[in-house]
Amino acid sequence: MDEHDERDTTMTGVDVGRLDDQQLMKELETIHRTRHDTLLYGSSDALRAHNDRMAELEGEYLRRNPRRMVAAGRTREGARERRSGESVTPRS
């Protein structure tokens, strides 16, 4: 295949590496807001494109923020504590 042949490729937005932090957050907010409707009403191709773009954006966010704050309640241990009635506090 010719290196400029774009068959079987889709344009899903700006390369995530070119987005600044503010743009990345805006893209993440938008894609998460539209997720439910895409799942319920989008075509298979639309859902596949949405999945691919969301994975790119989330992967880039995690790459840039490897030490992001993780709420204890969002871990398995925290969920077990929540079920047992103990309080859960965020940890970093």
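Which residues form a nonpolar patch on the surface? They are L39, L40 and Y41, with about 360 Å² of accessible area together. A patch here is built from residues with over 30% relative accessible area and no salt bridge, joining nonpolar side chains (Val, Leu, Ile, Met, Phe, Trp, Tyr) within 5 Å and like charges within 9 Å. The areas come from the Shrake-Rupley method with a 1.4 Å probe, and for residues only the protein chains shown count as cover.

Before going on, note that this is a predicted model, where local features need pLDDT of at least 70, side-chain atom pairs count only at pLDDT 80 or more, and totals for chains, interfaces and linings use all residues. Residues are numbered from 1 along each chain as its sequence is written, and side-chain values use heavy atoms, with hydrogens and water left out.

Helices (H or I, at least four residues) and strands (E, at least two) are DSSP runs, numbered from the N terminus. Y41 has a relative accessible area of 66%, so it is exposed; the cut-offs are under 20% for buried, over 50% for exposed and partly exposed in between (1.4 Å probe, protein chains only).

Now for the salt bridges. The whole structure has six of them, each being a side-chain nitrogen of Lys or Arg within 4 Å of a carboxyl oxygen of Asp or Glu. Here are some:

| Pair | Closest N and O atoms | Relative accessibility |
|---|---|---|
| D21 and R64 | 2.7 Å | D21 51%, R64 22% |
| D45 and R48 | 2.7 Å | D45 55%, R48 45% |
| E56 and R53 | 3.4 Å | E56 35%, R53 7% |

D21 forms a salt bridge with R64. D21 belongs to helix α1 and R64 to helix α2, so this pair ties together parts that are 43 residues apart in sequence. D45 and R48 are three residues apart in helix α2, so about one helical turn separates them. About one helical turn also lies between E56 and R53, because they too are three residues apart in helix α2.

D21 and R64 also belong to a network of salt bridges that links them with E60 and R63. E60 lies in helix α2 (residues 44-64) and, at 8% relative accessibility, counts as buried.

What about charge on the surface? R74, R76, R80, R82 and R83 gather there in a patch of positive charge. R74 is found in the loop between β1 (70-71) and α3 (76-83), and it counts as exposed because its relative accessibility is 73%.

Note on methods. Lys, Arg positive; Asp, Glu negative; His and termini not counted. Charge placed at Lys NZ, Arg CZ, Asp CG, Glu CD.
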